[in-house]
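These are my notebook entries on a single structure. I set down what I looked up, entry by entry.

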Amino acid sequence: MPQAKDHVYLDYNAGAPLRPGARECMVEVLSDVGNASSVHTDGRRARARIEAARDQVASLCKTRTRAVTFVSGGTEANMTALTPNWQDQGAPYYLDRLLRGATEHPSVVAGGRFPASQQEVIPVEANGVIRLDVLKDMLAVGGPALVSVMAANNETGVISPLAEIGAMVARAGGFFHVDAVQAAGRMDIDMDAWQADAISLSAHKFGGPQGAGALVVRSTARVPAPLMLGGGQENWRRAGTENMAAIVGFGVAAASAEKEALDWARLAGLRDRLEAGVREICPAVTIFGEEAPRLANTSCFAAPGISAETALIAFDLERMSLSSGSACSSGKVSVSHVLTAMGADEATARCALRVSLGWNSQDADIDRFLEVWPQIVDRLNPEARNRAA
């Protein structure tokens, strides 16, 4: 059920509320019987539902239907892509090393199926953008590389220069994976312009169900070795009976997200009003990635002397949900590797709060935040009101 009206949800980067249309279709599917691998009428109906969802996800990504492989979420999609073993034009192709950004999601930081000895980290600028000069030097030495970079950071919203990175990787003869989990439905996805060989998606970031994701390839002739073996599902790319209800919900949410392109300007207005209000109360606030291109829906900021852990409790008591960073790291408030990679000191990083908006965010949500924020500042560090930047 939706949250009560007085509850304010500001944590869409962790997971968006399920869209009503997705919920309705999922309930309908849960009443059906049939395995999509069966040839009888019930099986064919299940297969048709999955293929319709595949069309919807492919449309969101501006790619061909057969390029989409359904998996259990963004982490599995990343794990599948991050392998030294690929097929290229039907022949095995081995990648010697993984080059990944310093601010990647924990599922990419873990390195996938690359041993630690074959992993290298690409540093970022103070604004969170990948150091292209360093990446160029890294690609110039060593064997063929898989480069993995986020389209947009989950904590700061900073958008990567994907077309420049993709061109650089292509010239070096490498493969390019983009973690587009936070980007889908929030910015244009253009695998051709990015020269991305594979991208990862997760349904619950834009109003689909949790536990559904996709790995999308630019060419079905260049694919990573399967992670899940044992069956011919998903064109032999991911074994296991498909989660039909979740996949159908994923497709409906993808179709809705594709239609909301014009909503980005509205969300940017809400974000900018929130940041102006935060800075008015605390002039010394740090807004991470402020000078870089960012997603319209994301703001990550730190007010001096106001610990994120304490502030989150205070907001929660006011029936407001926001976060301090990735929901997929430790399960507790800790120093963000993203912010430290951007040069933030530990004291500042421990004060970082993230507000993220989405398809159901309203002006009233920002009104409520700006009503509560001064109260929390006065309670936790009243001196921050007068501390100049």
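Where is Gln89 found? I located Gln89 in the loop between strand 3 and strand 4. Helices (H or I, at least four residues) and strands (E, at least two) are DSSP runs, numbered from the N terminus.

**Entry 1: basis.** I am working on a predicted model, in which local features need pLDDT of at least 70, side-chain atom pairs count only at pLDDT 80 or more, and totals for chains, interfaces and linings use all residues. Residues are numbered from 1 along each chain as its sequence is written, and side-chain values use heavy atoms, with hydrogens and water left out.

**Entry 2: the hairpin.** I found that strand 3 and strand 4 form a hairpin with two residues between them. In that turn, Gln89 has a positive phi of about 55°. I noted for reference that most residues other than glycine have a negative phi. Gln89 counts as exposed because its relative accessibility is 62%; buried means under 20% relative accessible area, exposed over 50%, and partly exposed in between (1.4 Å probe, protein chains only).

Entry 3: For pairing, DSSP must find at least two bridges between two strands. Strand 3 and strand 4 have four bridges, while three bridges join strand 3 (residues 85–88) to strand 11. I checked Asp88 on both sides: Asp88 stands opposite Ala91 in strand 4 and opposite Arg222 in strand 11.

**Entry 4: Glu234.** Which residue in the loop between strand 11 and helix 8 (244–259) did I look up? The residue is Glu234, and its phi is near 55°, a positive value in a residue other than glycine. Glu234 counts as buried because its relative accessibility is 4%.

**Entry 5: helix 3.** I examined helix 3 (residues 74–81) and found it mostly covered, with six of its eight residues buried. The buried residues are Gly74, Glu76, Ala77, Asn78, Thr80 and Ala81.

**Entry 6: helix 5 against helix 6.** The axes of helix 5 (residues 132–140) and helix 6 (residues 162–171) come within 10 Å and cross at roughly 15°. Axes are lines fitted to C-alpha atoms, for helices over the stretch in contact, and angles run from 0 to 180 degrees between N-to-C directions. The two helices are therefore roughly parallel to each other, a term for angles under 35 degrees. Leu132, Leu135, Lys136 and Leu139 in helix 5 meet Glu164, Ile165, Met168 and Val169 in helix 6; contact means heavy atoms within 4.5 Å. By class, I recorded six nonpolar, no polar and two charged residues in the contact of helix 5 with helix 6. Ala, Val, Leu, Ile, Met, Phe, Trp, Tyr, Cys and Pro count as nonpolar, Asp, Glu, Lys and Arg as charged, and the others, Gly among them, as polar.

**Entry 7: Arg279.** I placed Arg279 in helix 9 (residues 263–281). Arg279 counts as partly exposed because its relative accessibility is 32%. Leaving aside neighbours within four places in sequence, Arg279 is in contact with Val285, Ile287 and Glu290. Arg279 and Phe301 are 22 residues apart in sequence and 9.6 Å apart in space, C-alpha to C-alpha.

Note on methods
Parallel < 35°, antiparallel > 145°, perpendicular 65-115°, else oblique.
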